[in-house]
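Trainee: I would like to learn how to read a structure feature by feature. Could you take me through one?

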Amino acid sequence: SASLLRGTAESVVLLVCGLACLQGETHLFYRYHEVVQENLGFALKPLGRGGAYILGGVYCVGARAAIAAEAAKEDRGTSPTFGLLWYACCLLMLAG
């Protein structure tokens with residue numbers, strides 16, 4: 001279905017950006033450094049990684065808010081523990 005495809009695409013984009021930022025910070029994947037430099041050069045600069053972290057954090061906060069709003073509309077609750085953990089991770093990502 002379309003929502004499965006959308007969720008998969010969003011997850012892949014977040015994963016690729018996260019791995020590119022990991023490469024920019026640690027140079028962990030030596031074989032892929034040139035690929036990251038050519039295609040995802042923002043991940044090699046601190047300002048670019050910061051922008052990616054902010055965009056990812058804001059996206060995740062918005063996604064959680066949309067899920068909570070949908071659950072409230074359908075009169076089913078969401079887990080406060082999961083919500084706290086989710087927002088804590090988003091806060092850590094925004095803090096860099």
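Mentor: Gladly! Let us start with a cut-off: a residue is called buried when its relative accessible area is under 20%, exposed when it is over 50%, and partly exposed in between. Keep in mind that this is a predicted model. Of the 96 residues of the chain, 16% count as buried.

Trainee: What are the overall dimensions of the C-alpha trace along its principal axes?

Mentor: The trace spans about 50 × 35 × 20 Å. The radius of gyration of the chain is 16 Å, whereas a compact globule of 96 residues would have one near 12 Å. A pair of residues gives another view: N39 and G77 are 38 residues apart in sequence, and their C-alpha atoms are 42 Å apart in space. N39 is found in helix 2 and is exposed, with a relative accessible area of 57%.

Trainee: How many helices and how many strands does the chain have?

Mentor: There are four helices and zero strands, so reading from the N terminus the elements run α-α-α-α. Helix 3 covers residues 46-73, which is 28 residues. From first to last C-alpha, helix 3 reaches 40 Å, close to the 40 Å expected at 1.5 Å a residue. After helix 3 comes D75, whose phi is positive, near 55 degrees.

Trainee: Which residues of helix 3 are buried?

Mentor: They are G48, R49, G56, G57, C60, R64 and A71. For the general idea behind such a pattern, an α-helix has 3.6 residues a turn, so residues three or four places apart point the same way.

Trainee: How should I read salt bridges, and how many are there?

Mentor: The rule looks for a side-chain nitrogen of Lys or Arg within 4 Å of a carboxyl oxygen of Asp or Glu. By this rule the count is three. One of them joins R6 and E10, with the closest N and O atoms 2.9 Å apart. Both residues lie in helix 1, four residues apart, or about one turn of the helix. R6 is exposed at 58% relative accessible area, while E10 is partly exposed at 25%.

Trainee: Which helices hold R49 and E25?

Mentor: The side chains of R49 and E25 meet in a salt bridge at 3.8 Å, N to O. R49 lies in helix 3 and E25 in helix 1, so the pair ties together parts that are 24 residues apart in sequence. R49 is buried, at 12%, and E25 is partly exposed, at 44%. There is also a salt bridge between E74 and R76, with the closest N and O atoms 2.9 Å apart. Both ends are partly exposed: E74 at 47% and R76 at 45%.

Trainee: Which residues form the nonpolar patch on the surface?

Mentor: L15, L19, L22, L28, F29, Y32 and V35 form that patch, with about 630 Å² of accessible area together. Helix 1 gives the most to the patch, with three residues. Y32 lies in the loop between helix 1 and helix 2 and counts as partly exposed, at 48% relative accessibility.

Definitions and conventions:
Residues numbered from 1 in each chain as written. Predicted model: local features only at pLDDT ≥ 70, side-chain atom pairs only at ≥ 80, totals over all residues. Heavy atoms only, no water. Helix = DSSP H or I, 4+ residues; strand = E, 2+ residues; numbered from the N terminus. Expected span 1.5 Å × (residues − 1). Buried < 20%, exposed > 50% of the residue type's maximum accessible area, 1.4 Å probe, protein only. Patch = residues over 30% accessible without salt bridge, like charges linked within 9 Å, V, L, I, M, F, W, Y side chains within 5 Å. Areas by Shrake-Rupley, 256 points an atom, 1.4 Å probe, with all protein chains shown as cover. Rg over C-alpha atoms; globule rule 2.2 N^0.38 Å.
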